[in-house]
Amino acid sequence: MTATLPPYVRSYHVNSGDGIDGLSLRTHEPRTPGIGEVAVAVHAVSLSFRELLVLRGQYVLPVKPDVIPVSDGVGQVIAVGPGVQRVRPGDRVTARCSRNGWTAP
């Protein structure tokens, strides 16, 4: 089930070691959720200590270039891809640092 996606989305990107001043805001077309994926309208985010380490170039693991440095956030599901059963458009969700990502409260 897919709801109407917005005409564009915004995201912050950074390369490891670029610091806070290296954050760049980009606007692009939204991607339709694929199998098992969920599109979330993000209402609030924060930078964790781990992300600050990435910004400083001090994170101990490899970091992909042009990463979106947000692991903590809250929002509302706006679309779901095939096979998604736990959430539906309109559900409020929160992000946590785990391999499962966003979860419904």
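Mentor: Just after helix 1, Gly57 takes a positive phi of about 80°. Before going on, note that this is a predicted model, in which local features need pLDDT of at least 70 and side-chain atom pairs count only at pLDDT 80 or more, while totals for chains, interfaces and linings use all residues. Residues are numbered from 1 along each chain as its sequence is written, and side-chain values use heavy atoms, with hydrogens and water left out.

Trainee: What makes a stretch a helix or a strand, and how many of each does the protein chain have?

Mentor: Both are DSSP runs numbered from the N terminus, a helix being H or I with at least four residues and a strand being E with at least two. By that rule the protein chain has 1 helix and 6 strands, and from the N terminus on the elements run β-β-β-α-β-β-β.

Trainee: Why is Asp66 called partly exposed, and why is Arg31 called exposed?

Mentor: Buried means under 20% relative accessible area, exposed means over 50%, and partly exposed lies in between, with a 1.4 Å probe and protein chains only. Asp66 has a relative accessible area of 33%, so Asp66 is partly exposed, whereas Arg31 has 59% and is therefore exposed. Of the 105 residues of the protein chain, 25% count as buried.

Trainee: What makes Asp66 and Arg26 a salt bridge?

Mentor: The term asks for a side-chain nitrogen of Lys or Arg within 4 Å of a carboxyl oxygen of Asp or Glu. The side chains of Asp66 and Arg26 meet at 2.7 Å, N to O, so the pair qualifies. This pair links distant parts of the chain, with Asp66 in the loop between helix 1 and strand 4 and Arg26 in strand 2, 40 residues apart. Glu37 and Arg31 also meet in a salt bridge, at 2.9 Å, N to O, and by this rule the count comes to 2 salt bridges.

Trainee: Which side chain of opposite charge is nearest to Glu51, and how far away is it?

Mentor: With Lys and Arg counted as positive, Asp and Glu as negative, and His and the chain ends not counted, the nearest is Arg50, 4.0 Å away. Glu51 is buried yet has no salt bridge. Glu51 lies in helix 1, residues 49-56, where Leu53, Val54 and Leu55 are buried as well, and what covers the buried residues of this helix includes strand 3.

Trainee: How do you know what Glu51 touches?

Mentor: Contact means heavy atoms within 4.5 Å. Not counting residues up to four places away in sequence, Glu51 touches Ser46, Pro69, Val70 and Ser71. With such neighbours likewise left aside, Asn15 is in contact with Pro65 and Asp66.

Trainee: What makes a set of residues a nonpolar core, and which residues form the largest?

Mentor: A nonpolar core is a set of buried Ala, Val, Leu, Ile, Met, Phe, Trp, Tyr and Cys residues joined through side-chain atoms within 4.5 Å. The largest has 5 residues, namely Val40, Val77, Val80, Val87 and Val93. Leaving aside neighbours within four places in sequence, the contacts of Val77 include Val40, Val87 and Val93.
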